Amino acid sequence: MTALRRKSMMKGASMNRFLDNLAYAQPYIIGLLFMLVALLLTPGCATAGAETAGRTRNFATTATTTAVGAYVGAKEGNGKAKNAAVGASAGFVVGEAINYLSNKAQREAYLAGYEKGQSNAVKQQYWVARENQRAATDDGFEEALYEVSIPQTDRDGVRREPTTRVIRVVLPKEES
């Protein structure tokens with residue numbers, strides 16, 4: 001064996017060792033790149049509103065699950081790129097599913113709160129209007145509430161059950 005050929009074989013061996021190390025580190029490099037992209041592209045805590053924060057959370061969730069999927073795929077597939085890609089796509093799908101379910105729950109909670117707020121506003125307007133109709137000074141009238149029992153009736157084939165109603169009556173005050 002000539003010295004040139006021996007030097008060439010040593011170069012080839014060191015190149016194979018480098019490629020083996022690179023193949024071992026590939027999932028880690030991919031995961032770090034995803035995390036680096038997530039850190040650089042997300043605005044952080046100084047967001048303008050809840051919607052921007054939600055998009056940031058969605059992006060971080062998807063990036064994390066994709067990176068984890070790629071890592072698991074590469075680890076279980078003995079470092080093969082095809083398995084890493086399958087794992088990354090599975091991680092992406094899982095991340096999007098998590099985002100969908102989380103956003104759905106938040107939308108439902110928002111709508112429930114909005115409806116409750118609308119209901120409270122209507123009740124508040126009712127009581128304000130009722131208070132505005134009440135006389136501020138003694139105007140010589142008094143208000144009374146009377147319960148009236150309504151018996152059961154059968155009319156046109158419709159049976160109405162007995163019930164009790166309350167009637168508001170305004171009467172002039174009796175002078176004593």
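## Tyrosine 71 and its contacts

Leaving aside residues up to four places away in sequence, tyrosine 71 touches Pro27 and Tyr28; a contact here means heavy atoms within 4.5 Å. The C-alpha atoms of tyrosine 71 and proline 27 are 5.0 Å apart in space, while the two residues are 44 residues apart in sequence. Tyrosine 71 lies in helix H2, residues 50-76. Helices (H or I, at least four residues) and strands (E, at least two) are DSSP runs, numbered from the N terminus. With a relative accessibility of 29%, tyrosine 71 counts as partly exposed. Buried means under 20% relative accessible area, exposed over 50%, and partly exposed in between, with a 1.4 Å probe and protein chains only.

This is a predicted model, in which local features need pLDDT of at least 70 and side-chain atom pairs count only at pLDDT 80 or more, whereas totals for chains, interfaces and linings use all residues. Residues are numbered from 1 along each chain as its sequence is written, and side-chain values use heavy atoms, with hydrogens and water left out.

## Aromatic pairs

The structure holds 4 aromatic pairs. Rings of Phe, Tyr and Trp (its six-membered ring) pair if their centres lie within 6.5 Å; planes under 30 degrees apart count as stacked, over 60 as edge-to-face and the rest as tilted. Among the pairs is that of tyrosine 24 and tyrosine 28, which is tilted, at 6.0 Å centre to centre and 55° between the planes. Both tyrosines lie in helix H1, 4 residues apart, or about one turn of the helix. Tyrosine 24 is exposed at 55% relative accessible area, and tyrosine 28 is partly exposed at 34%. The rings of tyrosine 126 and tryptophan 127 have centres 4.9 Å apart and planes at 75°, so this pair is edge-to-face.

Tyrosine 126 is partly exposed, with a relative accessible area of 43%, and tryptophan 127 is exposed at 52%. Ring pairs also link Tyr24, Tyr28 and Tyr71 into a cluster.

## Salt bridges

A search of the whole structure finds 3 salt bridges, each defined as a side-chain nitrogen of Lys or Arg within 4 Å of a carboxyl oxygen of Asp or Glu. In one of them, glutamate 143 pairs with arginine 130, and the closest N and O atoms are 3.6 Å apart. This pair links distant parts of the chain: glutamate 143 is in strand E1 (residues 141-150) and arginine 130 is in helix H3 (residues 81-133), 13 residues apart. Glutamate 143 also meets arginine 168 in a salt bridge, at 3.1 Å from N to O. Here too distant parts of the chain are linked, with arginine 168 in strand E4 (residues 163-172) and glutamate 143 in strand E1, 25 residues apart. Glutamate 143 is partly exposed at 37% relative accessibility, and arginine 130 is partly exposed at 27%.

The side chains of arginine 159 and aspartate 154 form a salt bridge as well, at 3.2 Å from N to O. Both of these residues are exposed.

## The loop between E2 and E3

Aspartate 156 is found in the loop between strand E2 (153-155) and strand E3 (158-160). Although aspartate 156 is not a glycine, it has a positive phi of about 55°. Aspartate 156 is exposed, with a relative accessible area of 75%.

## Helix H3

In H3, Ala84, Gly87, Ala88, Gly91, Gly95, Asn99 and Asn103 are buried.

## A nonpolar surface patch

Met15, Phe18, Leu19, Leu22, Ile29, Leu33, Leu36, Val37, Leu40, Leu41 and Phe59 make a nonpolar surface patch of about 1100 Å². Patches are made of residues with over 30% relative accessible area and no salt bridge; like charges are joined within 9 Å, and nonpolar side chains (Val, Leu, Ile, Met, Phe, Trp, Tyr) within 5 Å. Accessible areas come from the Shrake-Rupley method with a 1.4 Å probe, and for residues only the protein chains shown count as cover.

Helix H1 (residues 3-41) gives the most to the patch, with 10 residues. Leucine 40 is found in helix H1 and is exposed, with a relative accessible area of 64%.
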